[in-house]
Structure formats: C-alpha cells, structure tokens
Amino acid sequence: MTKLLIIATSLFLQIQMTTNTGTLEVSKNITEKFWVNGVCDMCQTRIQKAALSVKGVKMANWDIESKILTVIFNPEKCTLNDIKSKIAAVGHDNDTFKAPDDVYDQLHFCCKYERI
Amino acid sequence: MSKFLIWGMLVFPYFLWGQTTLQGKISVLEGNEKVPIQWVDVRWMDTKIYTQTDVNGAFEIKYSSDHNALIISHLGYKTDTIQISKITNIDHTLTLNNTLNEVTLVQKKKDFYVSHAGVNLSEVLNKGELLKAACCNLSESFETNPSIDVTFTDAVTGIKQIQMLGLSSPYLQFNQENIPGIRGANQLYGFGFIPGTWVESIQISKGAGSVLNGYESISGQVNFELKKPETSDGAFLNLYASQNGRMEVNADYSHLIGKHLSTGIFIHGNSLQIKNDHNEDGFLDTPIGQQINVMNRWNYDDTHHNWHTSLILRYLKDERQAGQMDFNPDQHALTSIYWGSETDIEKMDTYFKIGKVFPDLPYKSMGFQANYSYHNQDSYYGLNTYKIKQNSLYFNYIYQSILTNTNHKFKTGLSFTRDLYKEYLNTTDYSRTDQSIGGFFEYNYDNGGKLSINAGLRGDHLNTWGFFVTPRLHLRYQIYEKTTLRASIGRGLRTANIWVENPQIFITNRSVDILNSGDGSYGLKPEIAWNTGINLLQTYRLGDRNGSITTEYYFTRFMNQVVVDFENARKVSIYNLDGKSVAHSFQVSLNQEIAKGLEMRIAFKNTFQKTDYLSGYLQKPLQAQQRYFVNLAYKTTLTEKNAQWHFDATLNHVGKMRIPDTSMNPSNFQLPTFSNGYFLMNAQINRNFSKNFSTYIGGENLLNTTQHHPILAHNSPFSSYFDGSMIYAPIDGSMIYIGLRYNITNSSR
C-alpha cells in the first residue's frame, strides 16, 4: 500500500515537473490584451472565431463589458497585427485597424456597434 | 494685460498637460484584507484608451475632460464603472463575481434545467429542485425527476434501487464530485448514506458518458456535488420527523480560516425506533435502526497561483433491524423462532483532490484525485449470515490542454483502482481482489458553433479480465438556435457484486445456484455492454413563457451480463448471459412555465428490457414498461423579507409489471402473471419565513397505494415458499412528514 502511494506521488510529481518545464516554453506563448469594438454574444463568437482562425493563436477571449480581447499566441507563427487585421476584416474595429465599411454594414443588426 | 494673457495662453496648456494622467490603485478583498491586483483592465468608456495595473495594483491612464467614466474589469470579478468628474487618485476594490450577485443569481438560477450547450444531454438539479421533496437522502432526491425510477429491492430490507434507461443502479455510475462514489459493497446502501442536506446539486447525464471517471458506467453518470464550506459559511440546522416515527437531524457549520482556507463539519443522525406493520403481515414495513454520519471537509484555494485543494473525511455507522414484529435479536437471532435480520455497516472515506490552472495559460490545467474507502457490513437475514468488508483505493490524474487552439481541447491521464473484498455468505468465502490500471485520452472539439464532438478512449488492465479498451463518442449538432440534436455511443464494463446488488435473494428461502463457475469474481465474467442514444432538445417561447421538449431514445445491448434469474419459484440462478439481453428506453418530457412562478413538467417513458433467461427470452420482471409523470411547482413572489411559499406536487402512473412465474407454488402462494398499474402521489408545502428560516410539511404516497401482503408465506417464514422479493408497489402507505431548516450566515463575509 505504501509502495503504491509512493509510486502515485512520484508519478504526480514527475508529471508536475514535466508540466513545469512546459511552462518554460511560455516564451512561445505571449499574452496580449487589446480593445475590440462590439456589443453582443454574436460579436463575441465572431471576434473569437476570427482570432482563432489566425495560425498560432491558441486562445481568444473577448469580454463583452470591457470590450477587451485577451489572446494567447505563438509569436513565431503570427504577429499581433495579423490578429488585429483579421478581426477588422470580419467587421470589428480595434485599437489598430478599422473594419472596412462594407463589412461593417453587413453585420447583423444587433451587432452594429457604435463606431468611434 | 495683453502680454499677460499671451503668456497665460502659452503656459496654461502645459499646466494642463502635466495634469492629464489619472492614477489609481486596484485591490481585491482576501478575507478582510485589501490586496493589490495585477493585470486589471482599466479603460475609458467608449474609447480605445486602455491600460492595465502593475504588480502593485497601480495604473496610470491618459485623462481628458471628455471622458467621464472608467471601466475596471478583471476575469472572475464584477466589472465596475466609476464616474470621474475631476482628477483624483482612484482607490478601488473589486468584488468577486459570485459574492456580489449571490442574491440575484439565486433567483435567476433555475431549479432544474437542460441545456443546448455541452456535448452530453445533462439534466441539472439545483438546491431549489432538491428542496421540493424532503430528500432525507440521495435516493429520495429523484422523486421529482422522471428520468430516474426509485424502487424497493424487496419487502423487508427497505433498500432502494435506482434505475435509469431501464437499467438498475449498478449500471449507472454515481460520482461524488467527479470521483466514483457509490460502488462496490456500498452499491445499494450507499444511496441512504448521503444525507439530502449535504447535497448542493446533482447532474444526470444519460448514455455513454466521459472516459475520465473509468470504464464502469453503462447507462449513464450521475454526479453529485456536496456543500462547499467556502460558499456555505455559517451554521445550518435541519430537523425532520415523519408520521411513522422517523426522526432526522442535520447540523453543519462552515468557517473561513484566513485568506485561503475553509472548513466545514457536517453531522447527520437519523433514527426510527417505532415498529410499524400497517399491512398486518407480521413483518416490519420499514426497518428500525439508526445512523450517525459525520463529514469534515477542508478546502484550500490559492487564487494567486490557481491551486485548489479539497479534502473530505467521513465516518458512518448504520444499524438496521428488519423482519418479524416479535423478533428480538437478543433471543431470536439466527433461530427459526422468528424471522429477523440485522445489518450493521461501518464506513470510512477519504477524498482528496488537488488541481491547478496555469495562470498565464488558462486552458492548461491538471488535477489529481484520490480516494480511500473502508466499508464493513456485518449482517444476517433469517438463518443466513452475510459479511462483506471492502478496502478500496482510487487514484486518477487528469491533464488538460489544447491542440493548436482552444477549439481543440484534450484531457489525458492515468487511473488506478484496487478493491479488496473479504466476503462471506455463511461459510462460503467469496474474498477477492479487483485491481485495474489504465490510461485515457479524450478529445473535445467545440468552436462555439453548431457542431461539437467529444471522443474518448481508454485502455485498462483488469487483473481478472486482462486488457480491454473503452471507446466513447458524443456528438452535438445545434440545428437551429433552439433545436439541438445529440447522439452518443459507448462501451462499459463492470464486475458484478452479486450479493450486495441483489439483497432480495436473502429475503427468500429459494436455493441459490451460481452456474458457469470458472475464473473471475464468483466464477462469473465481467458485464460488458454497448449503449447508444439519440436525443433532441427543443426550447421555445409561448407568449412570454419559456418551455422545452426533450425526446430521447437509448438502446443498450449486453455482450455479457450476470443474469439473476428468479423465474423458477424454488430457485435463484445466477449465470453469465447466454444469448441476448437488450434494454430500450424512450422518453418525452415537456417543461413549461404556465404562469409566473408556476412550472409544469410532464413526461412519458417507455422502458423495455428483455433477457435470455434459462426459461426463455423474457421481459425483465418487476419493472414497469410505462411511466407517466406530472409535476407542478408553484412559488409565490419573494417578499422584501425573503418570505415565500413553495407548493409542489408529483403524480406518477406506474404501468403493469411482469411477475416471475410462481405456478410451482401452492395456489395460495401464487401470483398473477402481471401486476396492475397504479398511481403514486407526493406533495410538499414549504414556507420560507426569511432568508434564514423555513418550515415544510409534506406527504408521500398520498393515495395510499400499497401492495397487500407483499411477502409470500409471511406466516411461515422458514417454509420453502417464503418470498419477499416479489415487489411491484410500495409497502408503506401514505406518510406525512414535517420539518424545519434554519441557517445563520456569518456576517463577516
């Protein structure tokens, strides 16, 4: 029984260690936050989908209330501007790029955010 | 003068320039202490101007008089908007999302719901739903739910059995906070060992289920969450008494110790000392006895490093006496003067969980679960003694991350289970060890769109069976916004515990035959089954009322089954399935809000299980094929003082059941081929006087439906015709109960 416990704990610690070395790779994962204009759940899905469609983006989370998008991506595979331009291309203004007017005009009526 | 004006015009903007940043500090409360917090988003409303707090919680943001509202947001905390009319130093404290919204959340949260999200069709029963019945223990929590049937195993022991999709509880996996909880020697008694007031919520998912919790589930998984000390801070008292003399006390106290640590102690006691025999068959309707059940749990949450640890320690002692009214254990135990039975169970459990989410990579997490359980049952039934002792050890490690991005998630890990059984029926030793070790991988696809997939595979090595794989697949397709189609297929395997799962064998004087004796537990092969299912959820709005319709069909096919055959009135035969065994289950349920506060649930269920017995391909005995269910729940509007009335009523129609062949018996001990259908009704009224105090009164089996003389040959319990296993209706008649609940919340939070 004690032997088993030892095996289990060492296994756990070992995996813990490997995952710790995993976090050393964090340099391959940058977290960035920026402002993206939008209003509703549908905007959220569209923005996150657009961000995730960029190769190298691992996570995208847009908060409706603060309008802040948090992205985690691999800088070797894409740049922050790749993500921002992709989001603008699907109709959402952000702090660097403005969405093309025709794309904005075609957004669902509930998604028509106020442009600044 | 003009010179001064020019000078002033030149300098003034610079003067302003020097003032154009706004500074401040953001903190959060940990216990009663304010702690600065990093990475908080600070943004001027309707602008792109945005910054984040540093390690000290400090921020600096460009100021202009055009901006007048600052939005402060952080994941897990309530987003605040601060009106700014002039430059001041901001000192703001964020509040946790749940604590602030507690009151409103409780009202919004539905008591019962099914969701379009998630790959599995799962029904969630929240506190509100659980309060609809007295819910003395877990088995009674399902009274207001049509998916689960609760029946008695026999006329004497008072043991309840839970069924879903037409399959009884051993085929349904019960997890306590995602750790397999009610299994092995605890399989049936275990439902009576989880007091209702300890349960916070129950999630029922039908069909194959996830591979994370092992290979044992066949018809579905039920997970119950116990009260958490960090959210139930304070003291709670519940008293209950029923017409037949059952008394219950539940008392618990939870406390926060410092910033991260919380603990709770939960005590349950029940007792029934009055002997009742309403059907005048000389046998107790309900066993007498008492239970003491104590749980102590500790939670440690390190929000900075995202560690979460939970430890549960439990001790239980349960003593029951059943049998004839005049039976006195001191004089008559194991004699043929009076038929009697005593069951003493002692149980100890330790559950440990540790989990970590990587703060900078929120999609990555790992968890480790461990459980040690000791169960010791000492019992006799008439002239048979039965003892079982189980020592059980369980480890499970889960690692979760992503493939390319968060649309593709995976979970993988390793599990270990060891069950050491010491089991004796009279002088026969059935002791054995079941040990399994395995690994699993589960892939999940969900892009927030119409389609999601969950595909799992595990490989395990079981000492009595060897290596085997357990594949499981779930699909979800949201056809329209309010229409979701789900399908699942999966395999399950389990080792039967024939005596624990079939206590009704002991309530007969039939001879018992275990056929096919060979390797494995009791010389029987493990049970293997495939389960497939499809269901459609449609939600709608009728006027301004919400409603939903769920239609589902599940099919289970056994590759091997341990068949317990009561078809010969002199004998119980237990053997490996030779031929076919299937279970079909079709259910339609409708949930509809009728008026403000009034909800209705209607369901129709058709379950059909057919097995190749020695005497032929027959429908499973003592199981109703059809069940109709109606539940009405009405809540008055909550007054300012949090006073409220709750009314709840459930009406069931249980269809006819096939009764095993009794034609070998003398005519006075023969039963018809089919039982008649009957109605069952339960109702409860609950009165909340304030947030802290409520009382309730309720009734079970209000139509007084009973099975008259449920025991064959009850006057001669030592004759070969004695049989208390033929149960198709309640033994107890109508029963009224009352109770109260009182809680004091610690004001420090």
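**Close-ups of a two-chain predicted model**

**View 1. Where chain A meets chain B.** In this predicted model, 33 residues of chain A are in contact with 35 residues of chain B, contact meaning heavy atoms within 4.5 Å. Together the two chains bury about 2800 Å², with 68% of it on carbon and sulfur atoms; buried area here is the accessible area (1.4 Å probe) that two parts lose on being put together, summed over both. The rule finds one salt bridge across this interface, a salt bridge being a side-chain nitrogen of Lys or Arg within 4 Å of a carboxyl oxygen of Asp or Glu. Look for B:Asp41 and A:Lys33, which form a salt bridge with their closest N and O atoms 3.6 Å apart. On the chain A side, α1 (2–24), β1 (30–35), α2 (41–52), β2 (57–62) and β3 (68–73) each supply at least two residues. The largest share, 10 residues, comes from α1(A). Sorted by type, the chain A side has 17 nonpolar, nine polar and seven charged residues. For that sorting, Ala, Val, Leu, Ile, Met, Phe, Trp, Tyr, Cys and Pro count as nonpolar, Asp, Glu, Lys and Arg as charged, and the others, Gly among them, as polar.

Residues are numbered from 1 along each chain as its sequence is written, and chains are lettered from A and ligands numbered from 1 in the order in which they are written. As this is a predicted model, local features need pLDDT of at least 70, side-chain atom pairs count only at pLDDT 80 or more, and totals for chains, interfaces and linings use all residues, while side-chain values use heavy atoms, leaving out hydrogens and water.

**View 2. Chain A by itself.** Chain A has four helices and three strands, running α-β-α-β-β-α-α along the sequence. Helices (H or I, at least four residues) and strands (E, at least two) are DSSP runs, numbered from the N terminus. Of the 116 residues in chain A, 41% are buried; buried means under 20% relative accessible area, exposed over 50%, and partly exposed in between (1.4 Å probe, protein chains only).

**View 3. Two paired strands in chain B.** Strand β1 (residues 21–30) and β5 of chain B pair in the antiparallel sense over five bridges, where pairing takes at least two DSSP bridges between two strands. Strand β5 (residues 58–62) has B:Phe59 and B:Ile61 on its covered face, and B:Ala58, B:Glu60 and B:Lys62 on the uncovered one.

**View 4. A buried asparagine in a loop.** B:Asn665 sits in the loop between β41 (644–654) and β42 (678–688) of chain B. B:Asn665 counts as buried because its relative accessibility is 5%. Its side chain joins that of B:Arg570 in a polar contact of 2.7 Å. A polar contact is a pair of N or O atoms within 3.5 Å; within protein, one must be able to donate a hydrogen and the other to accept it, and residues adjacent in sequence count only if both atoms are side-chain atoms.

**View 5. Two loop residues with positive phi.** Most residues other than glycine have a negative phi. B:Glu280, in the loop between β20 (261–272) and β21 (288–302) of chain B, has a positive phi near 50°. B:Leu334 is not a glycine either, and its phi is positive at about 60°. With a relative accessible area of 39%, B:Leu334 is partly exposed, whereas B:Glu280 counts as exposed at 66%.
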